[in-house]
Structures are given as structure tokens and as C-alpha cells.
Amino acid sequence: TWILTAIRHPHCSNIITYIYRWYYRNVVKTDTKYRHEQNALIMLNALRRVISVFSGPFMTAYLIRATSNNLASTSLYYIMSYFVMGICFIVVAKLFKHSPKINLLRFGVILNFAYVLSIIILRDSVAEHIPILAIIYGIATSCYWLPYITFTADKVSNKEQTDYAVNLRNTTCIVETVIPLVLGGIITVTNFYIASIVILLVSILQLICSFRLTPDTNARQTAPFQLTSVWRRLIKNRHSRSCLLSELFIGASVSNSALGTIMTVYIVYSFHTDFALGLITSLTTIVSVVLSRLYRHCHGKNNTIAILLASLISMLAVFVMVFIGGDTTVIVGNLLYTALTNILLIAREVCVYNTARSSVVGKSRQTEFIAIRECAIELGRVFSYSLLLVASLIGGTAVLNVTIVILTLAIPTAGIAYINVAKCRK
């Protein structure tokens, strides 16, 4: 009732209109022939990020509470999810290489709907059905991201990649600023299942948005699926080899890694409520938007320095948060880690899309490249959660701290790998 009353207020209406105009003018508007489809991709990604916020930090917090603070069960859930995801990327890439991938993307959206519906149905017995949820989530994610990455490589040219990646990240950051507060408030005031129903509605909107896309130009490829030969070609080329290596380290340290889960655990233990988790997530997102805009201006000029500084400072922030402790350091450490590693994620998106469109891969082999690249990043994620699982089973603060140090050192390693990719391109 309060939300509806606020929306009807004239000042609120003016603010929404201003935000929409700014969003269209600075984020979405483009003059390329694929303008509408690039906008649809950005919107599709924004809706997906709403689901990711739900299935990321809030799902982690829920699993920790549902399993009585058992990090081993949470680690096992993510290990199974990302293992299934890596396998499914290869299987799906082989089966759908010669088919329009728009249908596969819609199937992934439907499976996301099934994943959230399963959480609602299972309710308090979620902890007892972790393998089922992990498998559904892994298949749904692979069916969604494989065609999404293909569409991005097909609809966005190389010269537009940096602007597109920054606009995409800014849109993502806007979503990740508002949604954590909304979901955190809903979960705190009501419960986790009411928030799940909201996410079901978002899945339906995502399916509707997918009908704005047209089939990719590589939908009718005649070349056979040759994963092994493409793998050998990528390994022989220095540029693509560095790109795959950077994906491995980014999966172990930044992109949905166990390190992010550890950060969430620190927040949950320190502040206890989902609203606090959402508030801190939103604050870090705001800083991420500012830093990504700065990175956009320095890209191509001081790109190497920006990536190196972001890597080192985020690494130090994690060390300070873990080894000094305190509520303030938890907030500051999480803020710096998330905001600065966002620069690495932008560099990663540019690296992946440029490699997918390079002569090393070629248009007929983009599907194989995407499958191999996803296997690299899933391998990094599985490695990080395996370390966390071992640390949880052994027990003790010292073992957990060693795990955090190993995963944190992967951040500057990923940054150096991206710098090498840039040097190879030159």
C-alpha cells in the first residue's frame, strides 16, 4: 500500500520520468543497425540480473540459515550447480549449434521459472533437496547464457564492445542498486517465499522480452561441431590462451566464486538481516557505477594501470576485512571488493566478445568457443567452492583463512591475464 501510494505521488512520477529519460539517453540509445536488439539484450540482461540477485546473495543467506550455518552444504550446492553448468554448456552447444538459439534462450528462461517454483514448493525442505535445485539451476543457466553470449557477439561490433559493455554494466548496476533493497525488505518484512513469487513474475517478463530478438545470423551454420579442434586452435594462439586463462582465475575469485559467498557470510554474521544485506549490496553497486564510468573514460589510455590498481586494491580490501574484522571493515571491504572487481568484469566482457569475433575463432566456431570459455570459468568456480568445502569439513579459522588468501590472490592474477590479452591484441 505504501509503495502504491508513493508511486501515485506527482513528485515520484517526475523522478521516474527523469530516470527513464536519462537511462534512454545515456545507456540504451545507439545509432547502429542493431539498435532495438541491443536494447532488448540490455533489458533481457537486466531482468536476468534481478533473478541473479535472488539466486545469489539472498539464496546463499537462505541456504546458510536453512542448513544451520553449514558452509559445507552451501559449497556442495554451488559445486554441483557449476559442474552441471559446465557439462551442459558442451552438450547444449553440440545439440543446438545448427538450430536457432532464440528458442534455447526461451527454454532457459522457462527453466529459471521452474527453479524458482521449486523453491516455493519445497519451502522448508529446500536443504534436503539441494542436488535437485543445483541440477535445475545449472541446466537453466547454461541454456540461457549460451545463446545470450552468441547474440551479443552477433549483434555488437568490435568497436562498440567497450561502450556496450559499460552500458550493460551500468544498467546491471542500476538494477542491482534497487533490487537488493526491495528483495531484502520483502524477505525481512514477510519471508523468502513471497520474494520467490515476485521473481516468478520477473521470469514471465523476461520471456516476453525475448520475443523482441530475431534469430542470430549464425543460426544455420553448416560447419560440424568440433570442440577438440577449436580447443587446440585456441591454446596455440597467445591471445585466446590468455583469455581462457583469465576466465579460469576470474571464476575462482570474482564471478560467482566462493570468495563472494564468503563475503555474504561475513555480512550475514555481522548484521543478521536480509535488509542489511540488500542495503550493503546496493551501496557497493552505486560505487561500481561511478568507477565503471571512470574506467570508460580511461579505457585505451591508462587501461593497464586501471586494471592493475583495481586488482591490487580489491585484494588488499579482502585481506583487511578478514584479518582485521569489525562491522566497519566488513562494509568497506565488501564495497571495495565488489566495486573494483567490477572493472575486471567489464574488461572480461570486452575480452570475451572480441575473441569470439576474432579470426582465431571465426563465425562458424563461436558456439565451440563459448562452450570452452564457459568450461574454463566453471572450472574456476568449482575449484573455489571445492576449497571452501574442504575448509568447512576440516574446520578451524586458520584453514578458512588460507582458503581466502588463495582465492584472493587469484584476483591480481586475473588482472595480469587481461593485461596480457590487451598486449596480444596490439
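## Exercises on buried charges and salt bridges

Glu 247, Arg 373 and Glu 374 are joined in a network of salt bridges, a salt bridge being a side-chain nitrogen of Lys or Arg within 4 Å of a carboxyl oxygen of Asp or Glu. The model is predicted, so local features need pLDDT of at least 70 and side-chain atom pairs count only at pLDDT 80 or more, while totals for chains, interfaces and linings use all residues. Residues are numbered from 1 along each chain as its sequence is written, and side-chain values use heavy atoms, with hydrogens and water left out.

**Exercise 1.** Determine which residues form salt bridges with Arg 373, and whether Arg 373 is buried or exposed.

*Solution.* Begin with Glu 247, whose salt bridge with Arg 373 has its closest N and O atoms 2.8 Å apart. This pair links distant parts of the chain, with Glu 247 in helix 10 (residues 238–253) and Arg 373 in helix 15 (residues 366–394), 126 residues apart; helices are DSSP runs of H or I with at least four residues, numbered from the N terminus. Next, Glu 374 forms a salt bridge with Arg 373 at 2.3 Å between the closest N and O atoms. Finally, Arg 373 counts as buried at 6% relative accessibility, where buried means under 20% relative accessible area, exposed over 50% and partly exposed in between (1.4 Å probe, protein chains only).

**Exercise 2.** Find where Arg 65 and Asp 274 lie.

*Solution.* Their side chains meet in a salt bridge (3.1 Å, N to O). Because Arg 65 lies in helix 3 (residues 35–66) and Asp 274 in helix 12 (residues 274–298), the pair ties together parts 209 residues apart in sequence.

Methods:
Helix = DSSP H or I, 4+ residues; strand = E, 2+ residues; numbered from the N terminus.
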